[in-house]
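Subject: Structure for your review

Dear colleague,

Please find the structure below, followed by an account of what was found in it.

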Amino acid sequence: MATMRRFRLPHILLICIAAFFYAAALFGNAASKPADRKSSFMVPSTFTNTKVERILDISHPAIARETVTLDVENTGKSATGEYFVAVDVDLECRKLAWLEAYEGKGASRKDWIVEKGALDASNSVQLYKVTFPKPLSPFSHQSFTLYFVWVGLVSNLPKKVAQGEQGSGVYQGALHWVSPYPTTEEKLGVRPSSSEIHSRTPSGSLTSTGLSYGPFRDVAPFSRETLRVHAKLSHVPLRGSILKRKITISHWTGIANVLESWELWHDGAELVQPFSRTDLLIQGRYATPPTMIQHLRFDLPAGAFNGEYRDFDGNVSTSHFSSGRSGATLELRPRYPMFGGWKYQFWFAYDVPLSKSVGIGKDGRYVWKGPVMRGLQNVPVDRLEVEVVLPEGSNSAQIKLPFSADEKTSGREYSYFDTIGRETVGFVKTRVVDEMWKDFEVSYNFPSTAYFRKPFVAIVAVLAAFLGSMAVLRLEFSIGKDSKGEAAEMVRTVGMRVHDIHGKLESLLAKLNVAFEDFKHSHHDVARFEAARADLTAQIQSTLVDLSSVTKSVSGLSGDDSARLEKSAAQLANLWIERLSKVRQAQDEVVALRKKVSASSVDDKTRRQVGERIKKLEVEEEVVAKKAETLVAGV
Amino acid sequence: MAGLRLLNLTRESQLSWLRVVILSGIGILAFLSRLFSVIRFESIIHEFDPWFNYRATQKLTESGFYDFWNWFDSSSWYPLGRVVGGTVYPGIMVTAGIIHRILNALHFPVHIREVCVFLAPAFSALTAVAAYLLAGEMKDSSAGLLAAAFIGIAPGYISRSVAGSYDNEAIAIFLLVFVFYLWIRALKLGSAFWGSLCGLFYFYMVSAWGGYAFITNLIPLHVLALMAMGRFSSRCYVAYSSWYALGTLASMQIPFVGFQPVRTSEHMAALGIFGLCQIMAFTQFLRSLLPARTFQVLLQAAALLAFGGGLAALILLTTSGFIAPWTGRFYSLWDTGYAKKYIPIIASVSEHQPTAWPSFMFDLGFLIPIFPAGIFMCFQELRDEHVFVILYAVTASYFAGVMVRLMLTLTPIVCVASALAVSKLLDVYLKDSNANEAEGDPSSTNGDNAATQPAEDDPVGLISKMLGIPRHYVRSVVNTRWLVVGSIAWIMVMFAWHCTWVTSNAYSSPSVVLASRGPDGSQHLIDDFREAYYWLWQNTPEDAKVMSWWDYGYQIAGMANRTTLVDNNTWNNTHIATVGKAMSSPEDKSYDIMVKHDVDYVLIIFGGLIGYSGDDINKFLWMIRIAEGIWPNEVIERNFFTERGEYRVDDEATPTMKNSLMYKMSYYRFQDLYGGQQAIDRVRGTPIQSSKVKLTVVEEAFTSENFIVRIYKVKKPDELGRSLESAQTFDEGKRRRKTAQNKSGKRSRKSRAGSKKQSE
Amino acid sequence: MTLHRRRLPLAAILLCAVLLVFSSTVSGAPAGDKLDQLNKRLSSNPSSPITLSQKDYELFTSKPRNYSLIVVLTAMQSQLNCHICRDFEPELKDVTAAWARQKAPNTLFFGVLDFKDAQATFQSLQVRTVPIVYYFPPTASATGKVEPETYDVPRKGKDAEDFANWVEATAHVKIGYKKPLNYAAIFSALLVVMLVIVLGKLFSDNILWVLQNKLVWMALGLVFVIMMTSATMWNSIRGAEYVGVRNGQPEVIAPGFGNQYVVETQVVGLMYGLVSLSFVGMVHAREAKGVLGQWGPLVLLGIFMFLLSWLFAVFKRKNGGYPFGLLF
């Protein structure tokens, strides 16, 4: 529900506006006049075009150039220098790229000021005001030239062509030059896209250069008759929808790096059937399809170097960069051959030595001078965005353009080793054509102290790196071998082993006792018992050897606890030997007694004595055992 | 080294200084030796999976961590989509993202791509350091340096860490080695600090690679072995407990892992050992109170009880389904036949094949033959850490034998073990002991009269007697010490050569760009993949769905920025089988599938023109098998084989083969290239079917320069409700009539008339 | 799979033509009495599949059918030595028996058609691999599908479970097959366990000695590692031949990087072992006194270098473009 409410209001507005325009269009002047009387501007009918010669050059489908040579007479009462040029509204807002007025030609050419004037809604034309150098007195004549450059006046017909064939285009426009003033005599010459003309209305007459119409006499103001020329194309219409240029100036490297990212469209007729590589390969042996774009050739300023060519998927290997004395060229091959309606986004960059482009102005400021853009010949650019990144530390940049920009931009950005960042200035211009490839200037202050910023930062960075490595070095020390911790750890390990060995000895002794019990109670076989005992004693001995060997491993270590460990281990060994001997003695007593018994009868006295002795031995053994336990516990 | 006198440092600090220098040198070397592909081609992301990681990293850097964390990628697995945050190991992406952020914060505006490309080499330098530390724990720093040098250039590791192979393994191997180092450290010192550090990095490892399960099982195994050897100690207890508790808790924070550590069999060993540790520790405690004899019984009883109880509980839980049994991928490591029968997708991946012995030599050079020597030495002085090395070696070598891919986990231990061996040898032979220096002259042991009565039974004496040269000359030549050291040095130099050669020849191709040598030896780049992908990106609608075999899913997403049906994250077998079915069915059947899935474009790889062998016709059998696994009655592998059971594409090919969409799309208009004569498929090396291939449900949209990538557009259903086939035949009939009418019929108008049906 | 492929003689084709002519007369008999015949056949021995002849096959598979029939095409003759056929026979019997136990008459029948009885049918069906199972659903089945479905035994598995599952899935019946408990195996297992326990009790000391002996473990570990690194797993997974044969002579080293023989890996493993041995030997020989101390290092170094170079030479032979070598 909420969303609904959010969307409704704009919708209604839009509908209203649309409806209004629709009505205006329907009832034309009648409807709009009362509404616009106040706002609408009527051109004072002070002039008459005594002679108009138009030459319409549509040989390039993407760009149409119109040269109008005028001879005007001031038919008014007073002297005036304001001549108005009318351009159809729809043409003006979408198609007009460039308009200039000048007098004379070649060396004696003098450019005049042309500024955008009011909107004449009643005739739905946008007016441009040409100001003569000096006002024209009544009944006197003035001849001058107007130069229009239009974009995309020619549209594809047919809309689709086969892969192998050339497309055709149709031009539809005004037969008479739209002017707010009456015209006495008018001529029109058309340079069509090729000599193969399918149709033309009105037919006019064919000449060597193309078509020619007129002369027409006494043409009323704002008289609109259509001219339609349908001819085969001789060039492929290309268009850059967006061109972003970024110029990074670095005084340190003495280089200006230029990055140009394009979004290029093939505006030719689309393919009837989808692109077929097979056909391309087969035909390719004879002729490449005329509508196919396989190479783009960019002219770079002289001395350009380090050309690179990429797109979103990385480096495009199929490019050729050649740098000569007069100028460098970059020949790019798109990843895929381009056909009608296809798009290709890519960017390329190159370096230019500053020595060619930067100088010091009168006021001591640095001035960078370079072209607004350098693109492909006869390829209009819908939107040009230029950004100049000034060296770090520079300030108060000003930009001087050869034409009025749509908007000026400025900002700040950071690059390698930057601390305070770099100032950027730039501008945006829509509909840029070859005629506008002029130089522009950026002037800025660059204090010499700024030179030392970079080395300073670099030094600091290196210092930091050194400190870091020193820290690593310290770390290295702490990781180094046989420190106290390892010794202690070694002692601990050995301690554990001593514990284990003690346990093992215990178990062995237990085994021995078991064997002895067997001997005593079940079988009375001395030899067997002796054998078992010998085996076990041997095992115990070897274990004791282990004990000593284990403790040896700590003997090398410094530290008192290691020494203590050694000592106690030795004691433990001795205790065990003692304990073992006690056990043996006790058992020997029994064995001896058993021998006696088997030999002859034994009186109770001896029995008792033996018993007491054994008791004593066992008690002693217990004592020793306790000692050992405590000792081990201490380890 | 003793002669080193700088900044009058103590000898100790000189050595450590030297160590740092050498180690950093090794690190730099390790980094540089991985840049072949960047120098040859460009800094570009390699192969397949890295493209997804790259895309995810871009997402991370562009829209922040939380968006990445719960990112639902609707542009893959159409129409299902994929919950990326929950199905991915985010370690590598986060790492790259952090590095990128730091660099930019320092005003180094590097592109995220550069970070991704150079991440693997950078981390391999760190791996060298980690290997140094690990081997240092095993023996000493000289062994450490050797180990670092080995792992720095060992192809087995380089294969997964060259610049541009931006995959999980890139950082995982460093983490693996470092976690093991930390574990050994913690075990030796018995310090909770190192233990928890180990846990921390274990967490990092878990976040980075599914292979963390190796750690999860190896460390418990180590502890178990120590217990069995009666070496369980308080240190062991502290280390293991701190590692397990912290590491497991932390690892459960990764969504992809979640509760697996307590719910799956892969993690049960660790849990069980944890319990066992507690019991053992308790008995240890009792041991200090009770007299020894009673203790024996108690200990045994307790241990048995614990073991039995734990086992019973485990079995109970598994049967009751609370604990999931081994997942297929892990299970297929034990039962090697398992994957082929039940999970063909796993079996179909080439890096899941078993390893033949040459590839061991290929990846590890002379380290493999002396690897056992290193293990032998570990057995000789059997300290706790050596037990670890042995266990690692045994398990890892088995895994490497089962899967080529797991050569990666074997490499570090091989490097460490052989470093131990080599450094032991060098220790012995570089030792400047006079007794041996005198070349085993027996008399030389008892002092000065060595020269007066030379023995004749030693090599030097013998040779000198034979050749009649004074023995000191001979001694200077036949010097065992220098012979051994020299030949070892030589072998190591050869090893360096070997590694460089292998790296540059086998492991440095991005497989996105192919390099081919012209007849004049000039290098010529074949860039068809990017050509076609970029065309898709630039000249198809934003929301176009592209159907291709899953291998190319990630690349299409990354380089063409379009929605795909299946990709290399093969989580949904059925969906992949669907694509396989569409590819292997006759046109009308696959058209239904494609329409049901809103497929706009179909992308296939075809190498027949220039002989690119990794194309779809060669992968076709897997598509068929996987599809058959789901629809055994609709797709039948046998029907793609001829009577003699051969897999053919020429006239002998079975009708099923010839009618399959894949076959048709691969060879569509292929004969026309050869004019009149027989068209030859350069991969299969056979002529293809002589009759013309007719396509009705799709139309060719784009084909790359060398025909490697072919993209077809799926036609819209016929607006008169006819089947597309009849519609097309009808059109053709009309065209033929048209041509009949005007002999010099304009190609354009004719085709325009034809196109009306298709374009409107 | 290729093992079980049969090329059928030309004669069979002619035979098949002839027989087809005859059989065409039989087919199309009403479903009812076919069912009676089947039951009659079955009554003799309900728990085993019906042995079909050429004619039977033609008869029972002919439409209409008000029963579903499963025919197993096999080749039991010894000269055709189809192992898998013999393996599959008992499994089939078990499944049939299980089905008989279900007591669901007149719905599903199992039949066996041997190659020697009906070569023509095999030919007409273009059977390339045996054993293969055909399922003929009733002509008036719920699914409406009357075309036979196949079960390719070598590929889908010859175990009774797999087969039974397939039958249940396709024929929509309950076979209820359960793997019979293998009492012999269980008993023997128990016996072994007890034996182990007893022995363990008797020789506990010796066993303990073995278990605690470092050498034993060392030997085990080293052998295992060497076996693995010499790619034994590849042999077992890929089922490599023990030794290759090249124009008559036995071949030890398989050509090609990705290929190997069992004996080859054994030789390589041995080499690994010897290289390591000589390496370790070098380490210890240095400390040794007397003759060993004098000659040991040199000799062992010689062996070491030789074997290593040999290994690399073999490696080079297998890996075409490999440029390096040690001694040769």
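In this predicted model, helix α6 (residues 141-153) and helix α21 (residues 407-430), both of chain B, pack at an angle of about 135° with their axes 8 Å apart. Helices are DSSP runs of H or I of at least four residues, numbered from the N terminus; axes are lines fitted to C-alpha atoms over the stretch in contact, and angles run from 0 to 180 degrees between N-to-C directions. Residues of α6(B), including L146(B) and F150(B), meet residues of α21(B), among them V416(B) and L426(B); contact means heavy atoms within 4.5 Å.

Helix α19 (residues 367-380) of chain B packs with helix α12 (residues 262-287) of chain C at about 50°, the axes being 7 Å apart. That makes α19(B) oblique to α12(C).

Between chain B and chain A, 59 residues of chain B and 52 residues of chain A take part in the contact. The rule finds 4 salt bridges across this interface (a side-chain nitrogen of Lys or Arg within 4 Å of a carboxyl oxygen of Asp or Glu). R669(B) forms a salt bridge with D279(A), with the closest N and O atoms 2.8 Å apart.

Residues are numbered from 1 along each chain as its sequence is written, and chains are lettered from A and ligands numbered from 1 in the order in which they are written. Local features need pLDDT of at least 70 and side-chain atom pairs count only at pLDDT 80 or more, while totals for chains, interfaces and linings use all residues; side-chain values use heavy atoms, with hydrogens and water left out.

Yours sincerely

Conventions:
Helix = DSSP H or I, 4+ residues; strand = E, 2+ residues; numbered from the N terminus. Parallel < 35°, antiparallel > 145°, perpendicular 65-115°, else oblique.
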